[in-house]
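Please keep the sequence and structure in view while reading.

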Amino acid sequence: MPAMTVEQFKFHYIFSSKGGLFNVAHLEELQHFKTAIEQMFEVIKKKYPNLPPINFDFVLNDSLNACVKKVNGEYYIGINIGAYFLLKDMFQKMLSSNKVLLNVGNPLIETGDKNLLTALNNRPIEFDIANIEMIVPKDPVRTSYGSLYMTFCLNFLVLHECAHIIRGHLDYHIKSNHNSDWNEFEDLNPQTNLESCSLYQTLEMDADSFATNWAFIEAESIIEHNLPPIKNDTSVFENWNSFVFNWFFSIYSLLRMQGFNELNVSKCKSYTHPPATIRMALIAGNIISILEKKNKNDSIDEITKNYIASSKEAEKAYMEITCSHDCFGHFAEIYKNTDLQNYNSEILSNWNKVRPLL
Ligand SMILES: [Zn+2]
């Protein structure tokens, strides 16, 4: 095993309280992913030339989490290996079921058995490394879909963290709280300073919006400019409808792992992050505005129907690999309940107050 480089040692030291560095030399698939992320940073840098250098690596921690830090003027993004394995396990098990995503490949050759997500139900959820049992779909097309879904989610996580750097959130956080850590999935502990919670929820919305926009910029280059697709054996990039369905399925599943609890507006306002269902609704709204800007108005109704169908399918798939009950209703409630709609709109309109602070 190669010795740590100076950069790796620094990363290890900086993330030591969270588990330290997971050296990707241990696992080839993580090396590929790390290289792809570093290439993505190069592309982002072309659009945002002021993007400072970012040290990216994996953290030896089994929970679903990501963290962004600034130490001695340098920025760091750490993704827990638990996030990587949970996503891999989740999507491969979903696609190994003959009851999920029946239009993908040949589901008839998959199993009717229930294969449970290898997870411990802590908050945040943890990959259960002691009981690891990786299952891969029998149909290679379904395996490719699973890998692509995992890539969508990991890219989303990294881009979200990247936004906390590019959009000045982390610098603001350090200036106002003297704290250089920003953890992605926090325990839902209610806070007393509601004004600060409101500000932080808007920053989280902004980071999700950045990650969503970037995913759609990449998709546009494939769908409309015929650049080579990421995976040749899926039809995800055939058109906007197929992309929205599959991308939304992935991100719904990622946030679903955080728990889709029933929402109480006054409680929601006391958290530092918007609850997962609210994030999903904000992301859906963002997709509509992205496609409207691209003058895809004709297909907006179809796209809306599509992401609702995608959410229902993701909920069904999640139930298939866990012992969870159906929580789609908690997401759908946002569109029926005026208090939740107002809360949703407040997170968006608050941006006007937040922007001058950054
Ligand atoms: Zn965040």
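Helices (H or I, at least four residues) and strands (E, at least two) are DSSP runs, numbered from the N terminus.

## Basis

This is a predicted model: local features need pLDDT of at least 70, side-chain atom pairs count only at pLDDT 80 or more, and totals for chains, interfaces and linings use all residues. Residues are numbered from 1 along each chain as its sequence is written.

## Positive phi in two loops

Asn72 sits in the loop between strand 3 (66-71) and strand 4 (74-80). Its phi is near 50°, a positive value in a residue other than glycine. Asn72 counts as exposed because it has 7 C-beta neighbours inside 10 Å. The cut-offs, with C-beta atoms placed from the backbone, are 20 or more others within 10 Å for buried, 12 or fewer for exposed, and in between for partly exposed.

Leu101 lies in the loop between helix 3 (81-95) and strand 5 (119-120). Leu101 is not a glycine, yet has a positive phi of about 50°. Leu101 counts as buried because it has 22 C-beta neighbours inside 10 Å.

## Helix 9 against helix 10

The axes of helix 9 (residues 276-293) and helix 10 (residues 300-321) come within 11 Å and cross at roughly 155°. Axes are lines fitted to C-alpha atoms, for helices over the stretch in contact; angles run from 0 to 180 degrees between N-to-C directions. So helix 9 is roughly antiparallel to helix 10 (angles under 35 degrees count as roughly parallel, over 145 as roughly antiparallel, 65 to 115 as roughly perpendicular, the rest as oblique).

Helix 9 contributes Ala284, Ile287, Ile288, Leu291 and Glu292 to the contact, and helix 10 contributes Ile300, Ile303, Thr304 and Tyr307 (contact: C-beta atoms, placed from the backbone, within 7 Å).

Notes
Contact = placed C-beta atoms within 7 Å.
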